[in-house]
Amino acid sequence: MTQRTVLVINSGSSSIKYQLVDPDSGSSLASGLVERIGEEAGAIVHRVAGQRTELDQPVPDHGTGLAEVLRLFEDKGPSLAEAHVVAVGHRVVQGGATSAARPSSTTRSSPSLRSWCRWGLCTTPPTSRVLRSLAGCWRTSPRGGLRHRVLPGPA
């Protein structure tokens, strides 16, 4: 296993895409997709080391989908507990140059993130739910949870 990894997540209105990446080489160590969230028949695919795990089961909400993703990392690998995750990335549209304030994904300021979503500056409300769930997963880490960082330039 590499010395450090980055977990990249992209949640939409009815899906979660994810990838565990070695930031030094850019190589993917694992990836997957949770689809049809909130529908009768959900689907989850997890890929690691040439192996593909598929689950066909209901995924009632994004929190449940993320919990399944984390369980698959532990059951099928690579273990996030042993992957030396140094960052979790999630795309959030934040309003661009016209907005002076920046929402934070930390638990205490999640109402700020929800207000951005209400005004359409965040891609979808599920994005804020996934970010809060991720913050809860890493809250007990030595790093003290997730931090928000704005990337320069237009996306």
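The legends below describe several views of a predicted model of one protein.

View 1. When contacts between residues at least 6 apart in sequence are considered, 47% of them join residues that are at least 24 apart.

**View 2. Two hairpins that share strand 2.** Strand 1, which covers residues 5-11, pairs with strand 2, which covers residues 16-21, in the antiparallel sense over six bridges, and these two strands form a hairpin with four residues between them. Within this pairing, L7 has L20 of strand 2 as its bridge partner. Strand 2 also pairs with strand 3 (residues 28-35), again in the antiparallel sense and over six bridges, and here L20 stands opposite A30 of strand 3. The hairpin made by strand 2 and strand 3 has six residues between its strands, and in its turn G26 shows a positive phi of about 80 degrees.

**View 3. The largest nonpolar core.** In soluble globular proteins, nonpolar side chains tend to be buried together. The largest nonpolar core of this model has 20 residues, and those with the most contacts inside it are L7, L20, V34 and F73. Two or more residues of this core are given by each of strand 1, strand 2, strand 3, strand 4 (43-48) and helix 1 (62-76), and helix 1 supplies the largest share, four residues. Around V34, when residues up to four places away in sequence are not counted, the residues touched are S14, S15, I16, A43, I44, V59, G65 and V69.

View 4. H46 has its place in strand 4, and because its relative accessible area is 0%, under the limit of 20%, H46 counts as buried. The side chain of H46 is joined to the side chain of Y18 by a polar contact of 2.6 Å. Beyond the residues up to four places away in sequence, H46 touches a set of residues that includes Y18, A30, S31 and G32, together with Q51, R52 and T53.

**View 5. V48, a second residue of strand 4.** V48 also lies in strand 4, and with a relative accessible area of 15% this residue is buried. Although V48 and A30 are 18 residues apart in sequence, their C-alpha atoms are 4.5 Å apart in space. Apart from residues up to four places away in sequence, V48 touches L29, A30, K76, G77 and P78.

**View 6. S79 in the loop between helix 1 and strand 6.** S79 is placed in the loop that runs between helix 1 and strand 6. Is S79 buried or exposed? At a relative accessibility of 16%, S79 counts as buried, because the limit for this class is 20%. A polar atom of the side chain of S79 lies 3.3 Å from the backbone nitrogen of A81. Leaving aside neighbours within four places in sequence, S79 is in contact with F73 and E74.

Note on methods:
Residues numbered from 1 in each chain as written. Predicted model: local features only at pLDDT ≥ 70, side-chain atom pairs only at ≥ 80, totals over all residues. Heavy atoms only, no water. Contact = heavy atoms within 4.5 Å. Pairing = 2+ DSSP bridges. Core = buried A, V, L, I, M, F, W, Y, C linked by side-chain atoms within 4.5 Å. Buried < 20%, exposed > 50% of the residue type's maximum accessible area, 1.4 Å probe, protein only. Polar contact = N/O pair within 3.5 Å; in protein donor to acceptor, adjacent residues only side chain to side chain.
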